[in-house]
Amino acid sequence: MSVTTISGVIPQLAQVADLGPPRSEIGIGCLMPWAGKLYVLNYSSHRRGTGTGTGLRVIERDFTMRKHPQAVDGTYANRMVHHPSNQIVIGPHMIDAAHNVRTVASLVDIRLCGTSPHLTDPANLVYVLGMEGELFELNVRTLECRQIGDLQKELDTESEGLVHFKDCFTHSGRLMVCSNEYMDADFRGVRSQGRLAEWKGTGAWTVLERKPFVGFGGILSFGQTTFALGWDQASAILSVHTGENDKWTRYRLPKASHCFDHKWQTEWPRIRSVEHERLLVDCHGMFYEMSPHAYDGRVWGVRPIATHLWVIPDFCSWQGMLVLGSDNASADAGGNLVTAEPQSGLWFGKTDDLWNFGKPKGWGGPWWEEAVKADVPSDPYLMTGFEHKCLHVQHQYGNPVRFDIELDFAGHGHFHRYTTIDVGAKGYAVHVFPPGLSAHWIRLVPQANCVATAQLIYT
Amino acid sequence: MSAASVQISGVFPAYAIQAGSGKPRNELGIGALMPWAGKLWAVSYVAHRGHGAGLYCIDKDLHIARHPESVTGTFCNRFMHGPSDSIIIGPHIIDGQGQVRTSKKLAEYRLAGTCRHLTDPENKVYVLSMEGPFFELDLHTLEVKELCNLTYELKLWTERIPDITGKAADRVPQHLPQPHFKACHTGQGRVLVANNSYFDQDHAGEWASGRLAEWDGKQWTIIRTTPFNEVTGRENFGQNIFALGWDRASVIMMVLVNGKWTEFRLPKASQTFEHCWQTEWPRLREVEHERYLLDASGMFYELSGWLLEGKLWGVRPVCSHLRVVPDFCSFAGLLVMGDNQVSPVGNDWSVGEPQSNFWFGHIEDLWSWGKPKGWGGPWWKTPVKAGEASAPYLMTGFDKKVLHIRCESDAATRVCVEIDFIGNQSWCAYANLAVDANGYAHHVFPDGFSAHWVRLVSASNATLTALLHYT
């Protein structure tokens, strides 16, 4: 077949849903290279009732694509290699090395957002998470599937339509889950339905954060380090669990785009390994390179690469190429009257093409109308790799407040006072960093209790 | 080598839409693009009269064909009608099997927009023509009924001029502004229309012929009398509505949230979108899931359709551009633009055969187009009242920034520069500039300084011009 490539996009490989109705969207939720082929699995917005003609596709090395006969319609964004049985789990499907595909009928109508190894019987079982909080135990050999939890109850969330689980991840003897539930009421602070939570296989769940989190990543052979991506009003969030001290540390990153601030808009920003033993992170409209290892329990060298406009629910490395899946045109069940036919493209390139995407820029900071305490430092906020930088600080206290700006230039958590800024009573101050000033992390230390907002704008 | 396979920078020269060399010659733009029933549909347009325009479809192998239902006219409307499961593009109604019907009556008019019917959305749509006739189209019978003429309803003309259709519109009497309606949209229980009429008399303040207006089904209300190119929004996400226009000072963005309008301002990247004929159709479109790509006065931006707290921020400049882009869409993973290029209009003897082409690329290609730069500000010889804040003007995402202020009053004033670094219209005083009577002042922002929005507040009543240059 003759293949047309335009700026890395092969239009013949676009994922196009049935015209319907119904028509909502077709996002590319899973990209999995397996036994010589690239498996593509996509999703409609809310189970098969919101769109047909989605489902499993297979792309061969010669760029021919076919819909797999086992393809089913639904909402799927989970992928995992199950090494003990030498199969992949992708959506409701299990695929062995000979490309035999089996489908778990009872999972077809669950909006599948995550699959991860079982805590006690990893040779035979995996956990499968649904976006509505349904937690299953799936036997990858017999396909026996059993619901073992309702996370709406376990994590005290609201119900379908008001809950939005996004991913699960097993590490350090616990199962992690997250929900990115976030709407106007969460933004205004009168609701907090986002979740980051963990479970040790028995007993009660522990809620770690009541903020929206979208995904996990990590290569556990590197010190059992686990990464979780989320956000709040103030910034994007990178929370890191380090196995050596069994500790979570919260770091903050800029938001490159304001179009990932509602639960429906995020799709699936991912942490994936596309180059050997390092991670490519897609977070709030920006790509970063990051090491999977955390020495001394600290993370540094988070390297901004590019901002982007494509909505990228999954990406992978295949045959030397970086492959990006997208979520492009959404008719959204009539919500969008100038877009009719749901379709999304695949981009093929090399990782270093990302440098030609948008310049790293972003908004964010440690505080957004936050009650801060004297001498208690803020979370570290990423500073490295951005060209122009300024810091805005404003507070609501009736007396002047001084704020120390501290920098960590080595990266490992040792902060040094760079300067102190004085902000008048209920006042505002701005500090523009001189061209060339940079450090790995920046944080602020208030010298008085107050309600403060601090935002950095990088251009 | 097959000519059809030659692709240069995203352009397939063999796909150019050409009018031939016959007369009349004016322009051939690509006015609307809509992926539908496995293909990308496109309509092209002439200025008023001409030939060679039509309806095209492009498949995923990027083969292009001119459809036998093609008619030559001026068409820039696209709309998805869910209840009848069809799209409306130009005067054509296309069903899910790709069957095309054409309204011969509508083909006689220059079609600027199509939008949802207020009372019979199951069966009808509204269609707006550039000269002001506002129709209702029955999608089953193709019956077309003129509901009113907005040129009179919105008081562009107070005297009746007989039978100005699209083909006669270039014979508008000299003493009247030419109506130039550009877009319509239904949301929040009302129909919005935009007219971008703008001539020397508008710039000089002798008349104000642009319009942003709304209709509740009974009465038309004029909201603005400056030129507007676009008004659009989603059916959900709070039905927030965005209208884009301009005046002498800058690009104007009006946002309707829960029935309340708020004005924002953006820079002009180009001075060539400053006359109503030049703008073509700068659009706000969704090409990526649940976010907008905006084209305004020569610059592309990304912005969210969701407005947290009902506030607009995070309007992210992507690039400035040179192509005139009457429509764009997402198709098979590609960003596709329709263009308007070779136009031998007026006395331009340097160009020949009217022709335009499509551009196919990846959205991230936009980053390598022109750096975001622009001119504009909140005031241009504006009688400013003491203590009254200007509209917010976009600041984020630009590199170097300077503010110029000129006072044309006989008393001095002090202008406070306020910035909003959060985005939700929380303002902080950043600096004060003293401006002498009939004087001038400027402020260069330090390298690296940035905020979402900037606005100005004058301490005294004065006639002020305040423009920012971003480079």
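Analyst: The largest nonpolar core has 264 residues, and those with the most contacts inside it are Ala243(B) and Val336(B). A nonpolar core is a set of buried Ala, Val, Leu, Ile, Met, Phe, Trp, Tyr and Cys residues joined through C-beta atoms within 7 Å. Buried means that 20 or more other C-beta atoms lie within 10 Å of the residue's own, with C-beta atoms placed from the backbone. This is a predicted model, in which local features need pLDDT of at least 70 and side-chain atom pairs count only at pLDDT 80 or more, while totals for chains, interfaces and linings use all residues. Residues are numbered from 1 along each chain as its sequence is written, and chains are lettered from A and ligands numbered from 1 in the order in which they are written.

Leaving aside residues up to four places away in sequence, Ala243(B) touches Leu192(B), Ala194(B), Leu212(B), Phe228(B), Glu230(B), Val231(B) and Met254(B). Two residues are in contact if their C-beta atoms, placed from the backbone, lie within 7 Å.

Next, the two chains. Between them, 65 residues of chain A are in contact with 62 residues of chain B. On the side of chain A that touches chain B, at least two residues each come from α2 (184-187), β28 (343-344), β29 (346-349), β32 (389-395), β35 and β37. Helices (H or I, at least four residues) and strands (E, at least two) are DSSP runs, numbered from the N terminus. β32(A) gives the most to this side, with four residues. By class, the side of chain A that touches chain B has 27 nonpolar, 28 polar and ten charged residues. Here Ala, Val, Leu, Ile, Met, Phe, Trp, Tyr, Cys and Pro count as nonpolar, Asp, Glu, Lys and Arg as charged, and the others, Gly among them, as polar.

β32(A) also belongs to an open sheet of four strands in chain A, in the order β30-β37-β32-β35 with antiparallel pairing. Two strands pair if DSSP finds at least two bridges between them. The edge strands of this sheet are β30 (362-372) and β35 (428-432) of chain A, each of which pairs on one side only. β30(A) is joined to β37 (residues 450-458) of chain A by seven bridges, and the two run antiparallel. Trp363(A) stands opposite Ile457(A) in β37(A).

Chain B has an open sheet of four strands too, with the order β10-β11-β12-β13 and antiparallel pairing. β10 (111-116) and β13 (144-149) of chain B each have a single partner strand, so one side of each is left without a neighbour in the sheet. Inside it, β11 (residues 124-129) and β12 (residues 133-138) of chain B pair in the antiparallel sense over five bridges. Lys124(B) stands opposite Asp138(B) in β12(B).

Finally, chain A is divided into domain 1 (11-356) and domain 2 (362-458), with bounds that come from an automatic or database domain assignment. Their centres, taken over C-alpha atoms, are separated by 33 Å. Domain 1 gives 20 residues to the contact and domain 2 gives 18 residues. On the domain 1 side, β21 (247-253) and β25 (303-307) of chain A each give two or more residues, and β21(A) gives the most, with four residues. That side has eleven nonpolar, three polar and six charged residues.

Key:
A residue is buried if 20 or more other C-beta atoms lie within 10 Å of its own, exposed if 12 or fewer, and partly exposed in between; C-beta atoms are placed from the backbone.
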